[in-house]
Amino acid sequence: MSVLLVFGERDDAEEVAETLGEWFPSLGVPRVVRETLAGEDDAEDAQWLVVVEGMDDCALAKVDELVARYEGWREAG
């Protein structure tokens, strides 16, 4: 399953990706990418995504708690 974790700040996304890599070493360190919205005039408003592949449903509650600490949210990819 592919999961997208969305954050407003790059530092938050990178810290979450690093933490997930430590918690779930079999997944490796997730990718951090910048999402620019179509028609977006101000690049400052772009969101940062952490892309996690292969996460099972059992881990999602723990992931949701971590993401909430950084004022982000989770979307299915």
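The side chains of Arg-74 and Asp-64 form a salt bridge, with N and O 2.6 Å apart; the term stands for a side-chain nitrogen of Lys or Arg within 4 Å of a carboxyl oxygen of Asp or Glu. This pair ties together distant parts of the chain, since Arg-74 lies in strand S4 (residues 73-76) and Asp-64 in helix H2 (residues 57-69), ten residues apart. Helices (H or I, at least four residues) and strands (E, at least two) are DSSP runs, numbered from the N terminus. Arg-74 is partly exposed at 35% relative accessibility, and Asp-64 is partly exposed at 30%. Here buried means under 20% relative accessible area, exposed over 50%, and partly exposed in between (1.4 Å probe, protein chains only).

A word on the source: this is a predicted model, in which local features need pLDDT of at least 70 and side-chain atom pairs count only at pLDDT 80 or more, while totals for chains, interfaces and linings use all residues. Residues are numbered from 1 along each chain as its sequence is written, and side-chain values use heavy atoms, with hydrogens and water left out.

The count of salt bridges comes to two. In the other, Glu-14 joins Arg-10, with the closest N and O atoms 2.8 Å apart. Both residues sit in helix H1 (residues 10-23), and because they are four residues apart, about one helical turn separates them. Glu-14 is partly exposed, with a relative accessible area of 33%, and Arg-10 is likewise partly exposed at 44%.

Now turn to the sheet. Four strands make up an open, antiparallel sheet in the order S2-S3-S1-S4; two strands pair if DSSP finds at least two bridges between them. Strand S2 (31-35) and S4 stand at the edges with a single partner strand each, so one side of each has no neighbour in the sheet. On average, neighbouring strands are turned by 30° against each other, direction ignored. S2 and strand S3 (residues 47-53) run antiparallel and are joined by five bridges; Arg-34 stands opposite Trp-48 in S3. Helix H1 packs on the sheet, touching strand S1 (2-7), S2 and S3, and its direction makes about 15° with that of S3. Such axes are lines fitted to C-alpha atoms, for helices over the stretch in contact, with angles from 0 to 180 degrees between N-to-C directions; contact means heavy atoms within 4.5 Å.

Setting aside residues up to four places away in sequence, Leu-20 touches Leu-5, Pro-30, Val-50, Val-52, Val-63 and Leu-66.

Gly-21, also in helix H1, is buried at 13% relative accessible area. Beyond its neighbours within four places in sequence, Gly-21 contacts Gly-28, Val-29 and Pro-30.

Finally, a search of the whole structure finds one aromatic pair. The rings of Trp-23 and Phe-24 have centres 6.4 Å apart and planes at 80°, so the pair is edge-to-face. Rings of Phe, Tyr and Trp (its six-membered ring) pair if their centres lie within 6.5 Å, and planes under 30 degrees apart count as stacked, over 60 as edge-to-face and the rest as tilted. Trp-23 is partly exposed at 30%, whereas Phe-24 is buried at 18%.
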